[in-house]
Amino acid sequence: MSSYLAPLDEMNFLLNQVFSIQNSYEKIGDFSEFDEELYKAILEEAGKFAQNVLFPINRSGDEEGCQFDNGLVKTPQGFKEAYQEFCLTGWPSTSGDPEYGGQGLPKAIHVLVEEIMYSANTSFYLYSSLTNGAYQAIHAHGSDELKSLYLPPMLEGRWSGAMGLTESHAGSDLGIIKTKAIESEPGKYKISGTKIFITGGEQDMVENIVHLVLAKLPDAPEGPKGISLFLVPKIKVNADGSLGETNNVSCGSIEHKMGIKGSATCVMNFDEAEGYLIGEVNKGLFAMFTMMNLERLSIGIQGIGLAETSYQLSKSYALERTQGRNSQGQAAKIIEHTDIRRMLLSQRSYTEPSRALALFMGMQVDIQYHHPDQGERQKASQLMALLTPIAKAFFTDKGYEACNHGVQVLGGHGYIREWGLEQLVRDAKIAQIYEGTNGIQAQDLLVRKVCLDKQGLLSNLYQIIEEELKNDTRCSQAEVLNSALSQSLHDFKDTTEWLKDNFVQRGYEIQGCAVDYLHAAGHIICGWLWLKMLNNLNENVSDEFVDRKKLAAEFFTHQCFPLVKVFCEQIKSGYQSTSNARNDLI
Ligand SMILES: Cc1cc2nc3c(=O)[nH]c(=O)nc-3n(C[C@H](O)[C@H](O)[C@H](O)COP(=O)(O)OP(=O)(O)OC[C@H]3O[C@@H](n4cnc5c(N)ncnc54)[C@H](O)[C@@H]3O)c2cc1C
């Protein structure tokens, strides 16, 4: 099987040419000691680690999976050693707060590192991704005592994090969870209940596992407004940070599933386990959303990472495989067939602007938490609110589609295990489901972020896109795309206003078009970012790089971008088609 190579040229182009990260961060003192050279070196090291350590155990991890024995979970061979190296080289702490031992690097760099790790071995990286999410929630909402006790070992990677929301009867609808919390003494609670599908709920690579668990206090209001968030360690922690006695937290079993087989998906039992409140009573969902928004971006990046691997593996196969004849009647490499070219370019069409959006969002997180100006912080936070559901759902839908294209490029060889493509499809599928299904993300976008929005969330995005439209174009491809984007943005705005006008009277029917609307928005954003990339192709990149970009941008403009019009028409003409029928006729 071919290997994976981190797309460092692409990443450095985005960092330095497209988003000029060093200039953009000039006003952010926290990052003033970092520069382009350091970012480049970090990405190179991440690439080496992913290529040499993680990718070689990706397929074996899939074939072996995790094993469950009497409450303990064994990760696949090689994971433990890889994890030790992962920690020794400092990857768990890249964007962590220096006060707790983090390296304080920008989130913008972290999102690129995440893509590289997900590309090479999604199952492995999920353990760290969930730890990072738990770290964020404790950092934002935990007491000083909890922060100083728990965050340093999490940043060292000695302790991992897990997120306990889902119960057998409560998935998308967390308002009906049954897990209970009873205050036993001031500041301490007894947590009882069973959580299912908990990623990394139990595993053998760390000394302790920090569970963030949603539970309800006895007098809590019904529904989502009665949920509180608790930190529940697998092993209790003494005041000096050393490990104490075990808590009443146990793993009942692990799931046998379609993909991400090296990632343990656990049933977790909490039996009067000792827990500590994070944030305020009954405001648990709010605190959890700190973690979930960043986790949603991270899961979106899972889609990008797997799409990139699919592109690389399928392209290298297409360059080698001879089958059929080319237009001159000679034996052809399959990359010469137009349908194969279509599938390869289609993968790039979405992966490259998605990577650009992930980086842009990483920058918004940095601005939101570190910029000295309150107005800038607020604008970044509003952009994140709008873009998070789009990134999560669009990146993972397109990531899954890319992996399917990858299998198709290889024909029958894509369907068998040897080449690794079928694993990518199975690993990519889950990203459309967890962290809130893509259907739920689409509703969040359409209902909360657009139709009920009072802050003008979309207007920030419109403004940024319109500024790009005013920039001089540098090539014919950019000129064509500029005009297509201007027309599509007009159609999208028009459809948005139509949806808002009709929402009050026909809210239920309109929710049937939420996924189409999210995909229209995703395409508009891809159009904006393709244009921004074309407008920033300058003397710092090679002629070959310029040609590659122009080719894929042209493909996007003609083969993908017209879909905005289709989505807009579908929304207006077909919005009632899912809502009017009786259940039994569906
Ligand atoms: C491998 C794996 C790992 C996971 N890791 C974790 C984890 O670490 N922690 C954790 O807490 N959970 C985890 N989950 C759970 C995951 O987040 C849930 O499976 C997901 O949120 C969906 O919930 P559900 O499975 O109960 O589906 P349901 O909520 O029953 O949804 C079924 C279908 O109905 C749709 N639907 C539901 N409600 C609505 C609505 N109001 N409007 C429109 N459509 C709706 C959904 O989109 C979906 O298509 C994991 C799941 C898996 C499979």
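Predicted model: local features only at pLDDT ≥ 70, side-chain atom pairs only at ≥ 80, totals over all residues.
Let me start with a contact between domains: 30 residues of domain 1 touch 27 residues of domain 2, where contact requires that the C-beta atoms of two residues, placed from the backbone, lie within 7 Å. On the domain 1 side, α4 (58-64), β2 (72-74), α5 (79-88), α7 (122-141) and α8 (144-156) each contribute at least two residues, and α7 gives the most, with 13 residues. Helices here are DSSP runs of H or I with at least four residues, strands are runs of E with at least two, and both are numbered from the N terminus. That side of domain 1 is made of 18 nonpolar, nine polar and three charged residues, with Ala, Val, Leu, Ile, Met, Phe, Trp, Tyr, Cys and Pro taken as nonpolar, Asp, Glu, Lys and Arg as charged, and the others, Gly among them, as polar.

Residues are numbered from 1 along each chain as its sequence is written.

The protein chain is divided into domain 1 (8-66 + 73-156), domain 2 (159-284) and domain 3 (288-574), with bounds that come from an automatic or database domain assignment. Taken over C-alpha atoms, the centres of domain 1 and domain 2 are 24 Å apart.

Now to the ligand. Around the ligand there are 19 residues, of which Leu165, Gly171, Ser172, Thr199 and Thr437 come nearest; a residue is included if its C-beta atom, placed from the backbone, lies within 6 Å. Two or more residues of this shell come from each of β3 (159-164), β5 (188-199) and α14 (438-451), and domain 2 and domain 3 each supply at least three. By class, the shell holds eight nonpolar, ten polar and one charged residue.

Let me turn to helix packing. Two packed helices are described by the angle between their axes and the distance between the axes. The axes are lines fitted to C-alpha atoms, for helices over the stretch in contact, and the angles run from 0 to 180 degrees between N-to-C directions.

Helix α9 (residues 284-320) and helix α11 (residues 374-410) have axes that come within 8 Å and cross at roughly 20°, so α9 and α11 are roughly parallel, the word used for angles under 35 degrees, with over 145 counted as roughly antiparallel, 65 to 115 as roughly perpendicular and the rest as oblique. Their contact comprises 18 nonpolar, eleven polar and three charged residues.

How do α11 and helix α15 (residues 457-470) cross, and at what angle? Their axes come within 9 Å and cross at roughly 100°, and α11 and α15 are therefore roughly perpendicular to each other. Lys379, Gln382, Leu383, Ala385 and Leu386 of α11 make this contact with Leu457, Leu458, Asn460 and Leu461 of α15.

Finally, the axes of helix α17 (residues 514-535) and helix α18 (residues 543-560) come within 10 Å and cross at roughly 150°, so α17 and α18 are roughly antiparallel. His523, Cys526, Trp530, Met533 and Leu534 in α17 meet Lys549, Ala553, Phe556 and Cys560 in α18, a contact of seven nonpolar residues, one polar and one charged.
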